[in-house]
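Start with the whole chain, then move to single residues.

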Amino acid sequence: MRHAFLTPFIAFLTLAFAIGIQNVSAQTTQTTPAPSQTPATQTQTQPQPRSPGGDVGSGAGDIGKGTGKGAGAAAEGLGKGAGDLVTLHPVDAAGNVGKGAGVAGKDVGVGAAKGTGKIAKGTGRGIGKIFHHGHHEDAPPPSSNPQS
């Protein structure tokens, strides 16, 4: 069972890479305003939404942050518990270890949930881009039955 995790993980990374490559090739260049314009006459542009590949990357980062925070909380609880155990306070030691484990579980769970949501959103948007590429209509077709 050493390779049970490896195949789905490689498939997921391949899909994320394919979405990222699709997004890079579909990007358009932005024009810069002429230098003669003053800042007061320029209109403010809205920030572009994150790309599907960006969603996947951000989700992976959230999972990593949650895992890191959880590991830190567990280490802190274990450290305090060990200190209490050395000073012969076993009840406090058990409480600190339990508290550290609880906070660690919460941090890992929150990070995993947020990250998985972003990854799912990015993957869905990326697959949607693949299947809906070039099927945009600017205006609906005119009605053949005019209403008066």
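Residues are numbered from 1 along each chain as its sequence is written, and side-chain values use heavy atoms, with hydrogens and water left out.

Take confidence first. pLDDT is the predictor's confidence in each residue, from 0 to 100. The mean pLDDT of the protein chain is 75. Of its residues, 60% reach 70 or more. Among the elements, helix α1 (residues 6-26) has the lowest mean, 57. Helix α2 has the highest, 89. Over residues 24-29 the pLDDT is below 50. Beyond near neighbours in sequence, that stretch has 0 contacts in the model; contact means heavy atoms within 4.5 Å. Where pLDDT is low, the predicted coordinates should not be read in detail.

Now the fold. The protein chain has 3 helices and 0 strands. Its pattern along the sequence is α-α-α. Helices (H or I, at least four residues) and strands (E, at least two) are DSSP runs, numbered from the N terminus. The chain has 148 residues, of which 17% count as buried. Buried means under 20% relative accessible area, exposed over 50%, and partly exposed in between (1.4 Å probe, protein chains only). The accessible surface of the protein chain comes to about 11,300 Å². Carbon and sulfur atoms hold 64% of that surface. Areas come from the Shrake-Rupley method with a 1.4 Å probe; for residues, only the protein chains shown count as cover. Among contacts between residues at least 6 apart in sequence, 79% join residues at least 24 apart.

How do α2 and α3 pack? Helix α2 (residues 52-86) and helix α3 (residues 90-132) meet at an angle of about 175°, with their axes 7 Å apart. The two are therefore roughly antiparallel to each other. Angles under 35 degrees count as roughly parallel, over 145 as roughly antiparallel, 65 to 115 as roughly perpendicular and the rest as oblique. Axes are lines fitted to C-alpha atoms, for helices over the stretch in contact, and angles run from 0 to 180 degrees between N-to-C directions.

By class, the contact of α2 with α3 has 16 nonpolar, 15 polar and 12 charged residues. Ala, Val, Leu, Ile, Met, Phe, Trp, Tyr, Cys and Pro count as nonpolar, Asp, Glu, Lys and Arg as charged, and the others, Gly among them, as polar.

Next, single residues. Asp62 lies in helix α2. Is Asp62 buried or exposed? Asp62 is buried, because its relative accessible area is 8%. Leaving aside neighbours within four places in sequence, Asp62 contacts Gly111, Lys114, Gly115 and Lys118.

Gly109 sits in helix α3. At 37% relative accessibility, Gly109 counts as partly exposed. Gly109 and Gly66 are 43 residues apart in sequence, yet 7.3 Å apart in space, C-alpha to C-alpha. Gly95 also belongs to helix α3. Its C-alpha is 8.6 Å from that of Gly77, 18 residues away in sequence. Gly95 is partly exposed, at 40%.

Leu88 lies in the loop between α2 and α3. Leu88 is exposed, with a relative accessible area of 71%. Most residues other than glycine have a negative phi. Phi of Leu88 is near 65°, a positive value in a residue other than glycine.

Methods: Predicted model: local features only at pLDDT ≥ 70, side-chain atom pairs only at ≥ 80, totals over all residues.
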